[in-house]
Amino acid sequence: MPAKTFALLAVPLLAGSLLLPAAQAGTLIELSAEASRPAANDLLRAVVYAEANAADPAELAKRVNQEIAEALRLIKGKAGVSVKSGNQHTYPVYGNNRKIDAWRMRSELVLESKDGATLSELLAKLQQMKLALGNVSQMPSPATRRTVEEGVTQDAIRAFEARAALVAGTLGKPYKIKRLNIQQSGQVPPMPMLRAAKMEMAGDAAPVPLEAGESQISSSISGEIELAD
C-alpha cells in the first residue's frame, strides 16, 4: 500500500483511540488515624520585668533601664541560661482631670534554660533585686520535640495502614493508598505559677518551685485508599 494511503487510514484509527473510556477507579474510602507520645519538657522559659512610675519619662526610663542592666549582669554570669529582651512599654497614667499625672514603664527579659535548679535560684535572686516574675512556661526543646515528632509520625502511619488493611480485609479486596495528609500538634499542660509581685523588702527569696513535667505530641493522618474492583 502506498505510504500516502496508509497515513490517511491512520488518522481515524488514532482519533478513535482517544475516544476510548478511561479505566474506572475502584471504590475510594476516606480514613484517619492518630497517635501521640509524651515529650519531656526539658526547656523552661521565664519572663521577669522591671516596672515603675515617675512624673518625668526620661527619669523613669533611666531608672527602669538601670534595673534591667543590673539583672542582665547577673543573668549572663549564670552558665546554661540564655536571655533576650522582651516587650517594653511606656504609657501615660491619667488622673481624675483626664490629664497625665505620671508615666509608667515596663521592660521585660525572657530567660531560657534546661537547668531547672539554676533557673529557680536565679529567679529568686532577680526578685530579691526587685524585679517581678511575669510567668513561667515549660516546653520540649527543639531537639526533643523533633525526635518525638519523628516517632509519633511513624506510629500514626502504622495506625493508618492497620486501619486500611482492616477495612480492605473485611471487604475482601486489595487496596492501595491514594492520598495522605499528616498534621502534628503539641499540647503543653498548664504550669501552675503565681504571678509574683515585686519584693519591696530585702532578704533571701525562696527558690521558685519548678516542675517540668511532659507535653503530649500528637500526629494525625487523614487520607484515601482505593479498593480494587
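Mentor: In strand β5, L133 is the bridge partner of V48. The model is predicted, so local features require pLDDT of at least 70 and side-chain atom pairs pLDDT 80 or more, while totals for chains, interfaces and linings use all residues. Residues are numbered from 1 along each chain as its sequence is written, and side-chain values use heavy atoms, with hydrogens and water left out.

Trainee: How many bridges join β2 to β5, and how many join β2 to β4?

Mentor: Strands are DSSP runs of E with at least two residues, and helices are runs of H or I with at least four, numbered from the N terminus; two strands pair if DSSP finds at least two bridges between them. Strand β2 (residues 43–54) has 7 bridges to β5 (residues 132–139), running antiparallel. Another 11 bridges join β2 to β4 (residues 100–113), also antiparallel; in β4, E108 is the bridge partner of Y49.

Trainee: Is β2 mostly covered or exposed?

Mentor: Buried means under 20% relative accessible area, exposed over 50%, and partly exposed in between (1.4 Å probe, protein chains only). In β2, 10 of the 12 residues are buried, so the strand is mostly covered.

Trainee: What span does α4 reach?

Mentor: The expected span is 1.5 Å times one less than the number of residues. Helix α4 (residues 142–171) has 30 residues and reaches 43 Å from first C-alpha to last, close to the expected 44 Å. Its buried residues include V152, F160 and A168. Just after α4, G172 takes a positive phi of about 70°.

Trainee: Why does L180 count as partly exposed?

Mentor: L180, in strand β6 (residues 175–187), counts as partly exposed because its relative accessibility is 41%.
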